[in-house]
Amino acid sequence: MDAIPVVLDGYLAAEAEPGDRDGTVCWRLTCSAGTDHLVEEAVIPCTTMEPEIAHALLTERQPGDLLRVIGHLTLPGTADGIIRLHVDSLEVLWEAPLLEPDDDADTATVTDADTDRNRAIAALAEALTGLGQAEPGPGQSIRIHISPTGALGSGLEHCHSFDIAPDMAHRLADYLDAMNCCMDSERPDGVVLDPETVEELTALFEDIDLIALTSTVISATRPEHRPAVTQAMDDVFGDVPAPEDTDP
C-alpha cells in the first residue's frame with residue numbers, strides 16, 4: 001500500500017529507543033484532536049533513519065516535548081498489522097521543563113496538588129475547546145498549548161492544543177482584561193477593606209460638593225450630550241439636582 005504524506009503535531013509519549021535495524025530510532029507520538037475527550041486521541045508509532053533526528057531523539061528530547069513531524073504514513077496490509085509513520089523531518093514546538101525531584105516532599109500533598117491542577121487544566125481545555133470548534137478560516141491561525149509543568153510521562157492526557165482565529169484571540173484577550181478589572185462598586189468576595197481606608201473614603205465623599213461637581217461637568221459637556229451625562233452622574237452619586245434646578 002502506498003505511503004501517505006502527513007504532518008502531525010503531538011507529544012513524545014515516552015523516551016525514544018533504538019530500532020530493530022541499525023541506524024533507526026522508534027518512538028510514540030501522542031496526537032490529540034484538540035478536545036478533552038480521550039477517544040479523540042491517538043498514539044502513533046514513529047520511526048526514522050535520519051541520523052540528525054535519531055541523535056536528537058536519543059540524546060536531547062524527553063517525554064512531554066511537543067513535536068511536529070513530517071513524513072509518510074504506512075498503513076498495514078492486514079487487520080493485525082501496525083500503522084507506522086516514517087519521519088523525514090522533525091521540529092520541536094515546545095520543550096517540556098525538567099522537574100527536579102524532591103525526596104522530602106509530602107506524597108499526599110503532591111497528589112492533592114496534582115489533582116487540583118489537572119481539574120483546572122480540564123476546565124480550561126473545555127472552555128478553549130468551545131473557542132476552537134469553529135474553523136479558523138482563511139489566513140493565519142493561532143495555536144495555544146496547555147499542559148502541566150514539569151517532566152511529562154504518564155500525564156500526557158492533560159496536554160492539549162487549540163487553533164483559533166486571530167479575531168477570536170482578540171476576544172479572548174478582551175475577556176482576560178475584563179477579568180482583571182471591576183467596577184468601583186464591586187470587589188471580589190472575601191476582600192475586606194481596612195477600617196482606616198473606609199473612613200478615609202467616607203470623608204473624601206462627604207467633602208464633595210455634588211452640585212458644584214455637576215455644574216462643572218455639565219458646563220464642559222456639549223448640549224446634545226448633557227442628558228446622558230446627567231443620567232450617568234445620577235447613577236453614580238444618586239439623584240443630584242441639575243444646576244438650573246437649584247436656588248441661586
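1. Helices (H or I, at least four residues) and strands (E, at least two) are taken here as DSSP runs, numbered from the N terminus. On that basis the protein has 6 helices and 8 strands, and along the sequence they follow the pattern β-β-β-β-α-β-β-α-β-β-α-α-α-α.

2. This is a predicted model, in which local features need pLDDT of at least 70 and side-chain atom pairs count only at pLDDT 80 or more, while totals for chains, interfaces and linings use all residues. Residues are numbered from 1 along each chain as its sequence is written, and side-chain values use heavy atoms, with hydrogens and water left out.

3. Of the 248 residues in the protein, 26% are buried, where buried means under 20% relative accessible area, exposed over 50%, and partly exposed in between (1.4 Å probe, protein chains only). Taking contact to mean heavy atoms within 4.5 Å, 60% of the contacts between residues at least 6 apart in sequence join residues at least 24 apart.

4. Ile 144 belongs to strand E7, which covers residues 142-146, and Ile 144 counts as partly exposed because its relative accessibility is 22%. Leaving aside residues up to four places away in sequence, Ile 144 touches Leu 128, His 160, Ser 161, Phe 162, Ile 164 and Leu 172. Between Ile 144 and His 160, which are 16 residues apart in sequence, the C-alpha to C-alpha distance is 8.2 Å.

5. Helix H4 (residues 195-206) has 12 residues and reaches 17 Å from its first C-alpha to its last, close to the 16 Å expected at 1.5 Å a residue, the expected span being 1.5 Å times one less than the number of residues. The number of buried residues among the 12 of H4 is 0, so this helix lies largely in the open.
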